[in-house]
Amino acid sequence: MPADTALDVDALLDDPASRVIVCCGSGGVGKTTTAAALALRAAERGRQTVVLTIDPARRLAQALGLRELGNHPKQVQVEGFEPKGELWAMMLDMRRTFDDMVRVHAGPERAEQLLQNPFYQTISTSFSGTQEYMAMEKLGQLAATDEWDLIIVDTPPSRSALDFLDAPTRLSTALDGRMIRLLTGPAKAGGWGLRKVVSAGFSMFAKAVSTIIGGQLLADASAFMQAFDSMFGGFRERARKTAELLRSSGTSFLVVAAPEPDALREASYFVERLAGESMPLAGLVANRTHPVLAPLSATEALTAAESVQNAPLAEAVLRLHADRVALAERENRLLARFTRAHPEVPLTRVPALAGDVHDLEGLRDIGVKLTS
């Protein structure tokens with residue numbers, strides 16, 4: 001069994017050159033808790049830290065002792081919490097981030113046109129890639145302020161966790177693509193655009209478009225594109241800068257996984273994808289592991305359980321220990337398989353807790369386990 005290359009989490013948090021840490025992984029593996037624990041530990045070690053969650057669940061706010069998180073960072077100020085640095089937290093509101101971007105870059109009159117446009121209201125909440133793009137937009141905004149020297153990002157579950165790497169290109173291509181330009185032609189040409197398309201031999205296409213999206217949405221899309229044109233260049237430029245930030249030496253990705261086959265397969269996917277995108281990978285957090293707490297093999301424990309007389313509690317404890325050893329051996333085999341496939345990836349193991357983390361003390365405990 002290959003030995004793990006240890007991931008030094010404190011060195012990552014303490015390094016002043018470390019500016020952004022992105023936690024990614026499949027759903028249900030503890031990314032949100034890991035991100036919050038990292039942020040808490042970094043603040044207590046002197047960093048000006050903000051944690052951004054994209055997960056719509058409210059667990060992060062509750063664990064940080066806050067009633068709720070909004071679309072702008074809120075400082076964590078809880079009685080008894082006196083970090084050397086500062087800890088701030090926020091949860092991405094996709095629609096508000098898009099609205100704020102429009103207000104800043106489109107000017108008051110044009111911004112109002114965009115915000116009231118039904119086509120904009122549709123794409124700002126449900127267009128493919130919008131959430132991931134807005135996550136990058138918010139990350140770029142946080143980095144540009146220089147108010148924090150460390151930004152920790154929690155990401156959506158499953159493979160969508162890395163979709164934000166593609167989102168700017170996908171969204172910008174869709175909004176600037178030939179299909180949208182074709183659909184918005186009628187209003188731009190005073191109502192003649194669609195007729196020209198029809199006369200050019202696209203009547204079947206035009207009929208299908210009208211059937212699928214309707215004439216009103218076609219007009220809304222046209223008006224949206226006309227208003228959006230003025231800010232489109234900045235839209236793409238900011239996306240490019242954030243993509244550069246994600247590839248910079250100050251950014252690190254942490255892949256979080258449970259010691260389960262599906263989660264580790266997803267972790268392998270993330271590792272390979274990050275390598276293919278030239279993204280800086282810090283290592284793997286193997287979360288909720290079950291280390292053996294006593295130097296007794298499963299066989300020895302079961303043998304002892306069989307020989308115990310009139311001590312049901314002792315017998316139960318021995319059998320529980322045997323089950324724990326079997327579980328730990330299974331997890332070790334799975335992690336060894338990952339290590340063989342990715343020997344270059346440092347790893348740290350975080351033991352499973354008896355209950356859910358719901359306060360700062362629980363997050364602090366996770367932070368200690370991340371580094372021990």
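Reader: With which residue does the side chain of Asp10 meet in a salt bridge?
Author: The model is predicted: local features need pLDDT of at least 70 and side-chain atom pairs count only at pLDDT 80 or more, whereas totals for chains, interfaces and linings use all residues. Residues are numbered from 1 along each chain as its sequence is written, and side-chain values use heavy atoms, with hydrogens and water left out. A salt bridge requires a side-chain nitrogen of Lys or Arg within 4 Å of a carboxyl oxygen of Asp or Glu. At 3.4 Å, N to O, the partner of Asp10 is Arg45.

Reader: How many residues apart in sequence are the parts that Asp10 and Arg45 tie together?
Author: Helices (H or I, at least four residues) and strands (E, at least two) are DSSP runs, numbered from the N terminus. Asp10 belongs to helix H1 (residues 9-14), whereas Arg45 sits in the loop between helix H2 (31-44) and strand E2 (48-53). The pair therefore ties together parts whose separation in sequence, in residues, is 35.

Reader: Is Asp10 buried or exposed?
Author: Buried means under 20% relative accessible area, exposed over 50%, and partly exposed in between (1.4 Å probe, protein chains only). With a relative accessible area of 14%, Asp10 is buried.

Reader: In which helix do Arg265 and Asp262 lie?
Author: These two residues form a salt bridge whose closest N and O atoms are 2.1 Å apart. Arg265 is exposed at 52% relative accessibility, and Asp262 is exposed at 53%. They are three residues apart, about one helical turn, in helix H12.

Reader: How many salt bridges are there?
Author: A further example joins Arg319 and Glu306 at 3.2 Å, N to O. This pair links distant parts of the chain, 13 residues apart, with Arg319 in helix H14 (residues 312-341) and Glu306 in helix H13 (residues 298-307). Arg319 is partly exposed at 29%, whereas Glu306 is exposed at 57%. Salt bridges that share partners also join Asp10, Asp14, Arg41 and Arg45 into one network, and the count comes to 16.

Reader: Which residues have the most contacts inside the largest nonpolar core?
Author: A nonpolar core is a set of buried Ala, Val, Leu, Ile, Met, Phe, Trp, Tyr and Cys residues joined through side-chain atoms within 4.5 Å. The largest one has 74 residues, and its largest share, eight residues, comes from H2. Apart from it lies another core of 14 residues, among them Met94, Met101, Tyr120 and Tyr133. In the largest core, those with the most contacts are Leu64, Ile152 and Leu284.

Reader: What is the angle between the planes of Trp88 and Trp148?
Author: Rings of Phe, Tyr and Trp (its six-membered ring) pair if their centres lie within 6.5 Å; planes under 30 degrees apart are stacked, over 60 edge-to-face, and the rest tilted. By this rule there are two aromatic pairs. One of them is edge-to-face, formed by Trp88 and Trp148 at 5.9 Å centre to centre, with an angle between the planes of 75 degrees.

Reader: How far is the sulfur of Cys23 from the closest cysteine sulfur?
Author: A disulfide is a pair of cysteine sulfur atoms within 2.5 Å, and the structure holds zero disulfides. Cys23 is buried at 0% relative accessible area, and Cys24 is likewise buried at 0%. The closest sulfur to that of Cys23 is in Cys24, too far for a bond, at a distance of 7.7 Å.

Reader: Which residues does Thr242 touch, not counting residues up to four places away in sequence?
Author: Thr242 is found in helix H11 (residues 193-246) and is buried, with a relative accessible area of 5%. Contact means heavy atoms within 4.5 Å. With residues up to four places away in sequence not counted, Thr242 touches Met136, Leu139 and Gly140.

Reader: How far apart are the end C-alpha atoms of H12?
Author: The buried residues of H12 include Leu264, Phe270 and Leu274, and what covers its buried residues includes strand E1 (20-24), strand E6 (251-257), strand E7 (281-289) and H14. The expected span of a helix is 1.5 Å times one less than its number of residues. The 16 residues of H12 should therefore span 22 Å, which agrees with the distance between its end C-alpha atoms, 23 Å.
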